[in-house]
Amino acid sequence: MPFGLSNDRGPVGRTRVIVIGAGIVGAACARELADAGCAVTVLDRNRPAGATSAHGEGNVLVSDKGPGPELDLALWSTRLWPHVLADIAERTPVDVTRVEWEPKGGIVVATTIAGADALRAFATAQCAAGVRFAELDRAALADAEPHLTDEVALAFHYPQDAQVQPAAAATALLAASGAEVIVNCEVLGGDARELRTSTGVLSAELVVNAAGPWAGEVARRLGAPIAVLPRRGEILVTTPQPPTVFHKVYDADYVGAVGSDSAAVQTSAVVESTKAGTILLGSSRSQVGFDDRLRPDVLAAIARKALRLFPCLADVAVMRTYGGFRPYVPDHLPVIGADPRAPWLWHATGHEGAGIGLSVGTARLLRQLVVGEPSELDATPFRVDRAAVIGQ
Amino acid sequence: MSARRIPGWQDRTGRVDRPLWITVDGERVEGIAGQSLAGVLLAAGRSSWRRTESGAPRGVFCGIGACFDCLITVDGERDVRACRRPAFDGAVVHTQERG
Amino acid sequence: MTTVVIVGAGPAGLAAADSALRAGVEVTLLDASPQPGGQFHRMLPTAYAATHPERVQHGWRAFDRLRRRVLDHPRCTWWPETTVWAIEPGPRVHVVRGLVDGVGRARYVLAPDALILATGAHDRVLPFPGWQLPGVFTAGAAQALAKGERVAVGDRVVVAGSGPFLLPVTAALLEAGSRVLGVFEANVASTVLRGWGSRPWEVAGKAGELLGYATRLARHRVPYRMGRTVIAARGADRVEEVVLARLRADWSVVPGSERTLAVDAVCVGHGFSPQVELAVAAGCELTGAGFVVVGEGQRTSVPGVYAAGEITGIAGAPSAAAEGRVAGWHAAGGAALGEVALRRALRAKAFARRLARAHPIGAGWPSWLQPDTIVCRCEETTFAALSAAAVDPSMMDDRALRLATRAGLGPCQGRMCGPTIAELTQSRPTHRRPIAQPIRLGELAEQPHSFPKES
């Protein structure tokens, strides 16, 4: 097993851990490691929960993932979320209501016959892996989403899908960790014993790289490069509306876009409302580095696809858009585990657009790996020393 | 008591009033051609035509389209800034509530 | 032929169009309103068929000549009721044309050789208890309604805030027949006098204008008080009374100085916020105070993009026009300008500095706030909620803070509360609004037309 805190290494309470990145994954890791007795310090280049974690819808989804290790992690995370929140509520003064945990369920629709066949095959395979879904007939669909287009060939309801307010979730996890937080602190290089940062040299036994889309750059600076790249995603936000959309509703072609390798812009319809009354419309995926300029053509494509699902939104005003960078790994699997080249370095990144949902499972798995506890989940598929992450 | 339009005969600009009628939640309200919806509503003695999420009344605040307080539904179009939308004869206006 | 797109047909934009046309280029002038003039030269509606607009319009004749010269020019394309909702590098200007906030407006993309932004400013209003009540208006709203629609906002009105703009607003209210119970400048006399006092020649022209207003106030027996302001508005469903208080130099309240006054309208303005979202979208650099950085010829930090008027510093209409003329000429590729134009633009800048010194916002204003005072009008975020979330600003990114409190995330997109939230939470104000004006989904989904048409 990789270097870790096996139980015979003495009291884990003495182990000092530096977590790089105060987004949701870093915050969740800090909480688990602190809970395991580590003395945790979290660094952020800026301030907590300001980048990727504040630029997404807050998805906690199982419906968009095909059978495989990511789905297993998603199912585990979905089960963990309510327990984690309950635990925080019980053991800390952190107000978890602001996390806005909402197990609202997802509805996936196919608008073509071919799409329907693909969706049915996809869902059947998911079912074997533990995903629950139910087909909605016309009446049930009209009842669940009265404003949805009539032109639906097939619709499935996924009750396990949920949503959180992602920035609030990240700050709640961070606050619950009790970790020391150092802000405006950029990692420049070095190793755990002598971690050079923009605010001085820090020292610890372990370093966890949870820098999201910047994790590739952080790893490079620490002498152990990993293939994590930014992938940009865009979301449109409408003005507050009367209740119109009741679940997370998306077109089955979203599933294809998630798994796509294409560098070209892709869009697919994802529509849901927030507690504030706004409707969020996604989504897009493009590899443009860290370029955050507005792309009206991308926004127009998102609008077109969203209107195909909800034609009644045509007269609704968009007041804002936000684009975020997601940590993308060529084989579409998160990177969770010890770095084979630097025994003090661990990674927890590469979740692309699913990091909010996967954060709690990722953190639990990392803790189990670090401490040497047995895990319900096989960590092998997420290991760092796979070809897609560190080459040959 | 509240806002009012300067009566035409008193107005030094020598304007000519051409009346128009709009309905607000079904009630007929008179204005004159050229006014904004906000101007018509204010001059008709209404100071608010939107309720916020908490139920608080809102009307005109900035008057130039920056604050979005005066949003109103016009002929079925939601979220129209009343301070900037010209009133038309026969416009069917509904006050707005959030969410 | 060189094409110049100008956004905003107020004093700066019109002057820019005039001088760009003189320089021989093709101009497209855009404005969200049906008529040119901006806030300063807000015109009466055409439908009013007013025979004497000059009686309520400052400098009407000169403005009227200018607007005809520009709008009737064969090389000028005038697009009223045109909303710019996005700018891409290039610059590529994305607009929708049609009724404001309408549906089914036509989408166009303009790709000019040069872009001049003359988007102006709106009132900045500091929050105070009750400022969200109907009957509380910005000073600009009161003026716009009086001048532009001939609507008086109330019968018993109080004007409060800071800056010389309160005077023309009061004059407009008086002209419209309102009774103005008082004009309250928050800064104490010593601050105002120190700011205006030195180098009086820089403000000689302005002083005459201000004296004119002062005379009008005196004639109507309207008291003008310094070091006083409205610290609360009260009423059930609309404002019924205000609480006035004496202020120290830092705008903190002198305890025990509060008194109430029955009113039916309050007009408030604590200065102006530049409307810089389009400049930000175009990539222009801003100053620390949030104005667009301009260099020689009103060039911004982005090649091909120029800025003029209040977005470069609050200095009033004559200064905006002077800057507009410089910007228009240079954007059109004109040769170096004569000294007169440049001196005028420089004098404008000096006036802006002077104005900022004489009418600063005192650091003690948050003492007016109560825990339940609304700071974000759209989302009804209270001072207490904001303070609770910002207890340790290091614990949360600005964006996370806004998501947590909803402050600045409502329909106005932080236009009203942005600077206030930044100040109260010691965070950076955000001027970025990628969607600069709301656009309907159906409009966004449409394929845009190019203008001029690509052949």
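Two strands pair if DSSP finds at least two bridges between them. Strands (E, at least two residues) and helices (H or I, at least four) are DSSP runs, numbered from the N terminus. This is a predicted model: local features need pLDDT of at least 70, side-chain atom pairs count only at pLDDT 80 or more, and totals for chains, interfaces and linings use all residues. Residues are numbered from 1 along each chain as its sequence is written, while chains are lettered from A and ligands numbered from 1 in the order in which they are written.

**View 1. An open sheet in chain B.** The sheet has 3 strands in the order β5-β4-β9 (chain B), with mixed pairing. β5 and β9 (96–97) of chain B are the edge strands, each with a single partner, so one side of each has no neighbour in the sheet. β4(B), residues 50–51, pairs with β5(B) in the antiparallel sense over 2 bridges. Here Arg50(B) stands opposite Arg58(B) of β5(B).

**View 2. Where chain B touches chain C.** Chain B puts 47 residues into this contact and chain C puts in 51 residues. Residues are in contact if their C-beta atoms, placed from the backbone, lie within 7 Å. On the chain B side, the elements giving two or more residues are β1 (4–5), α1 (37–43), β5 (57–58) and β7 (77–81). β7(B) gives the most, with 4 residues. Across the boundary, β1(B) pairs with β10(C), residues 151–152, in the antiparallel sense over 2 bridges. Arg5(B) stands opposite Val151(C) in that pairing.

**View 3. Helix α5 of chain C.** This helix spans residues 189–197, and its buried residues are Thr191(C), Val192(C) and Trp196(C). Seen down the axis of α5(C), they fall within an arc of 115°, so they line one face of the helix. The arc is that of the directions from the helix axis to the C-beta atoms. On the other side, Ala189(C) and Ser190(C) are exposed. Buried means 20 or more other C-beta atoms within 10 Å of the residue's own, exposed means 12 or fewer, and partly exposed lies in between; C-beta atoms are placed from the backbone.

**View 4. Where chain C touches chain A.** The contact takes 27 residues from chain C and 33 residues from chain A. α11(C) gives the most to the chain C side, with 5 residues. β17(A), residues 317–328, and β22(C) pair in the antiparallel sense over 2 bridges. Ala317(A) stands opposite Arg440(C) in β22(C).

Methods: Two residues are in contact if their C-beta atoms, placed from the backbone, lie within 7 Å.
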